[in-house]
Amino acid sequence: MILMIGASGAVGKPTMKALVGAGAQIRALTSNDESAGTLKALGAAETIMGDLREPGDLARAMDGVETVFFVMPRFQADEAEAGSRIIDAAKAAGVAHFIYCSVFNPQVRGLDHHARKLDVEEHLIESGLNFTILRPAMFMQNLNMEWQQVTEGGVYPRPYSPDRVMAAIDTNDLGEAAAKVVLDPALHGGCYDLCGDRLTHSEMAAILSDVLGRTVTAEKRSLEDWKAAARGRGATDYFVEAYAKMCAHYDSHGLAGGNPLALTAILGRTPSSYRNFAEKFVAAKQAD
Ligand SMILES: NC(=O)c1ccc[n+]([C@@H]2O[C@H](COP(=O)([O-])OP(=O)(O)OC[C@H]3O[C@@H](n4cnc5c(N)ncnc54)[C@H](OP(=O)(O)O)[C@@H]3O)[C@@H](O)[C@H]2O)c1
């Protein structure tokens, strides 16, 4: 049995699909009934209602489990503490293999959510568990956030320079790679930086222009304007400040580095380029 924590999110769903497609038995920890229904429909053998911060829920979820796949929900102030408790619970339950989906460049201490993931990685390394760490680059599917502006106004706005190079990955490739890592012992014990393509938002917009057959321009949105809008949507102070730091860092450095070699080796094929991703993404949106 494989326990997935964070199964309903941008990483979890494609990972679940790939695992179920390979015949794996998945138990998913979920915080609500609606997600439990979605996860069952995706093929989860079991869903356990609970909170990833509750030791009792973690003990129930990990009972009889061989493998844990853990991805933390986005921008949580207690990410390091909660992640470390999950690792401790896995150790107490006698889990054989713990897979942690971290982030690309966790060494960047100035980014709160990267630094906290590095703390979790350190805790995992020192736990005595058998582990594998995945470090995915920026999700190409983040385009969902600005899709309305792209299609209605021909503008792809981000709160940082459109001319910095970003390491990026298609989350379908990430899910497929994660499933292979879960199921293939030859991949266990690795720490994999996962990147499929490297390009600027201006280059992404040019590809979207080709695919959509209309001009799309990448623009830098004011960070103060983004913060006000995020606060208006009820975002936590931690989310707003950590996201703003990330944007300021991207504005100076992009998401630097990135090489598709590890992802290519795990997938056994060439990863999606941004153009491959955009063609599939636009076709799916137009079919909706
Ligand atoms: N966006 C990017 O470009 C990018 C790039 C690299 C890495 N990352 C990292 O990827 C990670 C995952 O992102 P994501 O978008 O998949 O995450 P997400 O959607 O924010 O969260 C994943 C799932 O966690 C579950 N969850 C939330 N609170 C819970 C709780 N208290 N107890 C149990 N489950 C809970 C929710 O599922 P239920 O509804 O089933 O409870 C949620 O769907 C983040 O840590 C992010 O930093 C993101």
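**Notebook: helix pairs, a ligand shell and some loop residues**

I began with Ala80, which I found in helix H4. Helices here are DSSP runs of H or I with at least four residues, strands are E runs of at least two, and both are numbered from the N terminus. The model is a predicted one, where local features need pLDDT of at least 70 and side-chain atom pairs count only at pLDDT 80 or more, while totals for chains, interfaces and linings use all residues. Residues are numbered from 1 along each chain as its sequence is written.

**Entry 1**

Is Ala80 buried or exposed? I get 20 C-beta neighbours inside 10 Å for Ala80, so this residue counts as buried. For my own reference, buried is 20 or more other C-beta atoms within 10 Å of the residue's own, exposed is 12 or fewer, and partly exposed is in between, with C-beta atoms placed from the backbone. Not counting residues up to four places away in sequence, Ala80 touches Arg116, Asp119 and Val120. Contact here asks for C-beta atoms, placed from the backbone, that lie within 7 Å. I also looked at Gln149, 69 residues from Ala80 along the chain, and the two C-alpha atoms are separated by 35 Å.

Next I took the helices themselves. H4 (residues 79-92) and H5 (residues 112-125) pack at an angle of about 20 degrees, and their axes are 8 Å apart. The axes are lines fitted to C-alpha atoms, for helices over the stretch in contact, and the angles run from 0 to 180 degrees between N-to-C directions. H4 and H5 are therefore roughly parallel to each other. The cut-offs are under 35 degrees for roughly parallel, over 145 for roughly antiparallel, 65 to 115 for roughly perpendicular, and oblique for the rest. The crossing of H4 past H5 is right-handed; that is, the near helix is turned clockwise from the far one by less than a right angle, anticlockwise being left-handed. From H4, I noted Glu79, Ala80, Gly83, Ser84 and Ile87, which meet His113, Arg116, Lys117, Asp119, Val120, His123 and Leu124 in H5. This contact of H4 with H5 divides into four nonpolar, four polar and four charged residues. The classes put Ala, Val, Leu, Ile, Met, Phe, Trp, Tyr, Cys and Pro under nonpolar, Asp, Glu, Lys and Arg under charged, and the others, Gly among them, under polar.

**Entry 2: H1 and what surrounds it**

I then turned to H1 (residues 12-21) and H7 (residues 171-183), whose axes come within 7 Å and cross at roughly 50 degrees. That makes H1 oblique to H7. The crossing of H1 and H7 is right-handed. By class, their contact has seven nonpolar, four polar and two charged residues.

Which residues of H1 are buried? I listed Gly12, Pro14, Thr15, Met16, Ala18 and Leu19. These buried residues pack against strand S1 (2-5), S2, helix H2 (33-42), strand S4 (67-71) and H7. Just after H1, I noticed Gly23 with a positive phi of about 90 degrees.

**Entry 3: the ligand shell**

How many residues surround the ligand? I have 24, and the closest are Ser8, Gly9, Thr30, Ser31 and Ser35. Strand S2 (26-30) and strand S7 (138-139) each supply at least two residues of this shell. The shell divides into eleven nonpolar, ten polar and three charged residues.

**Entry 4: positive phi in loops**

Most residues other than glycine have a negative phi. Phe75 lies in the loop between S4 and H4 and is partly exposed, with 18 other C-beta atoms within 10 Å. Asn105 also has a positive phi, near 55 degrees. I place Asn105 in the loop between strand S5 (97-101) and H5; this residue is buried, with 20 other C-beta atoms within 10 Å.

**Entry 5: Thr215**

Thr215 lies in the loop between helix H8 (201-212) and strand S12 (217-220). With 11 other C-beta atoms within 10 Å, Thr215 is exposed. Leaving aside neighbours within four places in sequence, I find Thr215 in contact with Gly154 and Ser209. Val155 is 60 residues from Thr215 along the chain, and their C-alpha atoms are separated by 8.5 Å.

Terms used: A residue is near a molecule or strand if its C-beta atom, placed from the backbone, lies within 6 Å of it. Two residues are in contact if their C-beta atoms, placed from the backbone, lie within 7 Å.
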